[in-house]
Amino acid sequence: MQSDDKPINGQHNPNLLNLLAQTPPPPDADLNKDHGAKRFAQLRTGWNASWEQGGFLHGRWEELRQAPQAGWHLMANWIKALLILTGVCAVIILLDTAGDIFDTTLNRLADTSAASELWGVVDNPIRAYIAQHTTALTISSSAVYTLWQLVGWFGLIGGFIGATGARITWTCWGAASVLAVWSAAPADGRTVATGIAVLAWTIASTLALRGLSLRPVVNNFLPPTPAFQPQIEIRPEIHTPAPAPASDEVHPPQR
C-alpha cells in the first residue's frame, strides 16, 4: 500500500514549505554597500591625485592660470580652440540677432505708409524714365531697373569698403538718378522730388564715401638721394685758439 505523501511513480511530492526552503537567499545588502564605498573611495583617490603636482587637472589649471601672461602664441592649444569656438558661437548669435532686428526694422519701414510714399517720390520717376527710354531697345525695362539697383548696391558696398572704382560708380550712379528724377517727375513737384532724391543720395554717401577727404595731402619727406651723387655732410663747429703760454722772462720796471 502506497503512502499519501508519495505519488504513484515513487517520488516525493514537494510541498510549499520545501519550495521556499530551496529558494536561494537574497544577496546581502552589506556587500553592495561595501562595493559602492570602495568605488567611491577609488574615485576620490583618483580625483585627489589629478590635482596633485604633475596631475592632469593640476596641469590644465596651471595652463589656464598662465594664459593671460603667456599671450596668444604661448598659451595651450586647447585654450586657443576653446576661445575660437566661443568667439564663433558669439558671432553666430550676434549675426542671428542682428538679422532679426534688421528684418523687423525693414518690415516696419515697409508697413509704414509715409516711408513707402517717400521712397515712391524717387523710385516712381526713375521707373518711368527707364520705361520711356527702353522702348526701342532689345532689353526690357524691368531688366534695366534691376541693373540700376545692382549698380547702386555695388557702389554703396564697394565705396564703404574703400574701393576707388566703386566710389566713382556711386557718384555717377547718384548723379544719373537725380537727373532721371528731374526729367520724369511731374512738373508741379519736380523741384521737391529732385530735392528728396539729392538728400537721399547725400545721406547714403556718408557710407559710400566714408573716410574720403577733400584736403590735399602734402608730403614733407625729401626724395631719396641717388647713389651716384656725393653725400655732403655739414657739421657746424666752433674752434677757439688756445691762449699763448706765459713768458718766463722778467722785465725790469720802467722809470
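Predicted model: local features only at pLDDT ≥ 70, side-chain atom pairs only at ≥ 80, totals over all residues.
Student: How much of the chain is buried?

Tutor: Of the 255 residues in the protein chain, 15% are buried.

Student: And what part of the contacts joins residues 24 or more positions apart?

Tutor: Counting contacts with a separation of 6 or more, 40% are between residues 24 or more positions apart.

Student: Let's do helix pairs. How do α3 and α4 pack?

Tutor: Helix α3 covers residues 56–65 and helix α4 covers residues 67–74. Their axes are 7 Å apart, and the angle is about 85°. The two helices are therefore roughly perpendicular to each other.

Student: Which residues meet there?

Tutor: From α3, Glu63, Leu64 and Arg65 meet Ala67, Pro68 and Gln69 of α4. By class, the residues of that contact are 3 nonpolar, 1 polar and 2 charged.

Student: Next pair. At what angle do α7 and α8 cross?

Tutor: Roughly 135°, with the axes coming within 8 Å. Helix α7 is residues 141–161, and helix α8 is residues 164–184.

Student: Is that crossing left-handed or right-handed?

Tutor: The crossing of α7 and α8 is left-handed.

Student: Which residues of α7 and α8 touch?

Tutor: On the α7 side they are Trp148, Val151, Gly152, Phe154, Gly155, Leu156, Gly158 and Gly159. On the α8 side they are Ala166, Arg167, Thr169, Trp170, Trp173 and Ser177. The contact of α7 with α8 has 7 nonpolar, 6 polar and 1 charged.

Student: What about α8 and α9, what's the angle there?

Tutor: About 165°, and the axes of α8 and α9 are 8 Å apart. That makes α8 roughly antiparallel to α9. Their crossing is right-handed.

Student: Who makes that contact?

Tutor: Helix α8 gives Arg167, Trp170, Thr171, Gly174, Ala175, Val178, Val181, Trp182 and Ser183. Helix α9 gives Arg190, Thr191, Ala193, Thr194, Ala197, Val198, Trp201, Ala204, Ser205 and Ala208. The contact of α8 with α9 comes out as 11 nonpolar, 6 polar and 2 charged residues.

Student: Val198 was in that list. Where is it, and is it buried or partly exposed?

Tutor: Val198 is in helix α9, which is residues 190–208. Its relative accessibility is 32%, so Val198 counts as partly exposed.

Student: How far is Val198 from Val122?

Tutor: Their C-alpha atoms are separated by 9.6 Å, and the two residues are 76 residues apart along the chain.

Student: Then what about Val122, buried or exposed?

Tutor: Val122 is in helix α6. It is buried, because its relative accessible area is 11% and buried means under 20%.

Student: What does Val122 touch, apart from neighbours within four places in sequence?

Tutor: Val122 is in contact with Val181, Ile196 and Ala197. Val181 of α8 and Ala197 of α9 also take part in the contact of those two helices.

Student: Asp123 comes next. Which helix is it in?

Tutor: Asp123 lies in helix α6, residues 113–132. With 6% relative accessibility, Asp123 counts as buried.

Student: What does its side chain make a polar contact with?

Tutor: The side chain of Arg127, at 2.7 Å. Setting aside neighbours within four places in sequence, Asp123 is in contact with Tyr145 and Trp148. Trp148 is one of the α7 residues that meet α8.

Student: New topic: where is Ser50, and how buried is it?

Tutor: Ser50 is in helix α2, residues 29–50. Its relative accessibility is 13%, so Ser50 counts as buried.

Student: Which backbone oxygen lies 2.7 Å from its side chain?

Tutor: That of Trp47, where the distance is to a polar atom of the Ser50 side chain.

Student: And what does Ser50 touch beyond four places in sequence?

Tutor: Ser50 touches Gly55, Phe56, Leu57 and His58.

How values were computed:
Residues numbered from 1 in each chain as written. Heavy atoms only, no water. Axes fitted to C-alpha atoms, helices over the stretch in contact; angles between N-to-C directions. Helix = DSSP H or I, 4+ residues; strand = E, 2+ residues; numbered from the N terminus. Left-handed = near helix turned anticlockwise from the far one by under 90°. Contact = heavy atoms within 4.5 Å. Nonpolar A, V, L, I, M, F, W, Y, C, P; charged D, E, K, R; others polar. Buried < 20%, exposed > 50% of the residue type's maximum accessible area, 1.4 Å probe, protein only. Polar contact = N/O pair within 3.5 Å; in protein donor to acceptor, adjacent residues only side chain to side chain. Parallel < 35°, antiparallel > 145°, perpendicular 65-115°, else oblique.
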